[in-house]
Amino acid sequence: MLEVIDLNVKYGDFQAVKNVSFSIQAGEIFGLLGPNGAGKTSSLSAVEGLLVPESGSIRVAGFDVKTQARHARANMGVQLQATSFQPELNIAEIIRLYAGIYGVILTREKLDSILENINLREAGAKKFGQLSGGQQQRVSLVIALIHEPKLVLLDEPTTGLDPQARRQLWERIEALRNQGHGILLTTHSMEEAESVCDRVAIIDHGQVISTDTPQTLIDSHRNDPAVIRASRKGKITLEDVFIGLTGSRLRV
Amino acid sequence: MQNIPPTSAIFTSLLRADLITQWRNRKSFMLILIVPVVILFSWKSVIDERGGAFVLGTCITLGLITIGLMGYSNSVARDRDKGIFQRLRVAPLPAWSIMTSRLVVQMLMILLLTSTVFIAGFYFDHISLSAGGYLLGYVTALVGGAVYLGIGQMIVGLIKNAETVHSTSRLVYFVFIMVGMFGELGILGTPIGNLVKWSPYGTVKHILASSFQSGSWDLSATRALLVTLGYAIIFSVLGIRWFKWTPSEKG
């Protein structure tokens, strides 16, 4: 579904991503975890084709992101960290716009059913800015999935959501996994990674430090002194492993 | 495997959305149409003195400046700032289609503006042109509009911050209108008058006024047309070269 090999991203003299490699299979939720500035968004932007990497290979559903960009993008659905749409358009018009861009024929009935599925039947005539954070996330996710892509990229999708909206989104992400979509998720929430992700990669200073299932990561670092020091309640969590591996110093 | 959607379907969707956006952006819409008509009304005395073609040319030029500097540049800067372009760019569409759709909407606005000025001129000031004059008027309005869209593109290419684009385009708009109008009327002296004559304001207004009367197209109008085309090409090329899709994008 997604194969990233030896990815390197540079901004001038600053190397944001160093030899990052990972792959995602169909029906898998893969989490990319890291502190601020670790290289998560740069890696994701390279996969999305928003920046040109210095070197490395990225293939989406077998298509090279650099040389077969439009084919690769047609096979991925993207929810950006801060999604915004033209403020003059209403929700129905935004969904119609993206359906057209992805070549999806949208009948009135299908549009109604999409809005119904995300509990926004009455909000079709509203503007995106008039929706709550959770409703906006649901619209963004619907648009990311409108063409039923094989790969779904979610950049910090639950940031700013209340617990109910966050749980609801987790359920939607898990349902996507069960339908066979491959999902790449970036998040700051270790609780989210532990609850939702099948595998996670911890990235720091542009490099992947460790990749495995959340439970295996916890088990394999249980006796690491830095992880034990990070533990607050005696029980080792993914957050303790994360802090143990990336340090407790604040990042900007 | 998902196939790439046909470019025609993508373009139709973009164009529909951009047309709705333009239509709902009433403030900009009205500014583009009302300012030239107000000038047309207030310049009744100038019609007797300088002729209907001169006044129509001036009014359309003012509208073209508004489209390029107040409409196009500000909407592009806002959408870049809000990440609207980024969302579009992760979709399987060619990047050129995003801007082309917007330019098509602006060209339609130019045709609407030109029609509005022609109709207002005919009904309120009894300015009538030959069929060829009207037709050439539309063509030269599009050529002139390209200059101001190019200037707008250059501003959003040079300046990344939406607020700064907004204030800069207002300033340039004010300078063009004030210096252009008063300069060509001779109020600011001969040197400024000559400068205005070969400025984007002067050449666009010259080709517009000349195109309205088929007999008045002379060598100086041809020169003005060539300079106008030169401005349009230079501003557009520089604007496209400098343009970045995000405010923070590295060169």
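Okay, let's start inside chain B, with a pair of helices. H1(B) passes H6(B) in a right-handed crossing. Before I go on, please keep in mind that this is a predicted model.

So how do those two helices sit? H1 covers residues 7–24 of chain B and H6 covers residues 95–125 of chain B, and they pack at an angle of about 50° with their axes 9 Å apart. If you want to find the contact on screen, look on the H1(B) side for B:Thr7, B:Ile10, B:Phe11, B:Leu14, B:Leu15, B:Asp18, B:Leu19 and B:Gln22. On the H6(B) side, the residues they meet include B:Ser97, B:Ile98, B:Arg102 and B:Met109. By class, this contact between H1(B) and H6(B) holds nine nonpolar, four polar and two charged residues.

Now a second pair in chain B. Helix H7, residues 131–158, packs with helix H10, residues 200–212, at an angle of about 170°, and here the axes are 8 Å apart. That makes H7(B) roughly antiparallel to H10(B), because the angle is over 145 degrees. H7(B) brings B:Gly133, B:Leu136, B:Gly137, B:Thr140, B:Ala141, B:Val143, B:Gly144, B:Val147 and B:Ile151 to the contact. From H10(B), they meet B:Pro200, B:Val204, B:Ile207, B:Leu208, B:Ser211 and B:Phe212. Sorted by class, the contact of H7(B) with H10(B) has 10 nonpolar residues, five polar ones and no charged ones.

Okay, over to where the chains touch. The contact takes 29 residues from chain A and 27 residues from chain B. Which elements of chain A give two or more residues to that side? Those are helix H2 (69–74) and helix H3 (91–101) of chain A. H3(A) gives the most, with five residues. By class, the side of chain A that touches chain B has 14 nonpolar, 10 polar and five charged residues.

Let's stay with chain A and look at its domains. Domain 1 takes in 2–75 + 150–246, and domain 2 takes in 82–148. The C-alpha centres of these two domains of chain A lie 26 Å apart. Their contact takes eight residues from domain 1 and six from domain 2. On the domain 1 side, the largest share, three residues, comes from helix H6 (residues 163–178) of chain A. That side of domain 1 divides into five nonpolar, one polar and two charged residues.

Is A:Pro149 buried or exposed? A:Pro149 counts as buried, because it has 23 C-beta neighbours inside 10 Å. Also, A:Pro149 and A:Arg73 are 76 residues apart in sequence, yet 9.1 Å apart in space, C-alpha to C-alpha.

Last stop: helix H10 of chain A, residues 238–246. Seven of the nine residues of this helix are buried, so H10(A) is largely enclosed by the rest of the structure. The buried ones are A:Leu238, A:Asp240, A:Val241, A:Phe242, A:Ile243, A:Gly244 and A:Thr246. What do they pack against? Their partners in chain A are strand S3 (29–33), helix H7 (190–196), strand S9 (199–204), helix H8 (214–220) and helix H9 (225–230). And just after H10(A), A:Gly247 takes a positive phi of about 90°.

Methods. Residues numbered from 1 in each chain as written. Chains lettered and ligands numbered in written order. Predicted model: local features only at pLDDT ≥ 70, side-chain atom pairs only at ≥ 80, totals over all residues. Axes fitted to C-alpha atoms, helices over the stretch in contact; angles between N-to-C directions. Helix = DSSP H or I, 4+ residues; strand = E, 2+ residues; numbered from the N terminus. Left-handed = near helix turned anticlockwise from the far one by under 90°. Contact = placed C-beta atoms within 7 Å. Nonpolar A, V, L, I, M, F, W, Y, C, P; charged D, E, K, R; others polar. Buried ≥ 20, exposed ≤ 12 C-beta atoms within 10 Å, placed from the backbone. Domains from an automatic or database assignment. Parallel < 35°, antiparallel > 145°, perpendicular 65-115°, else oblique.
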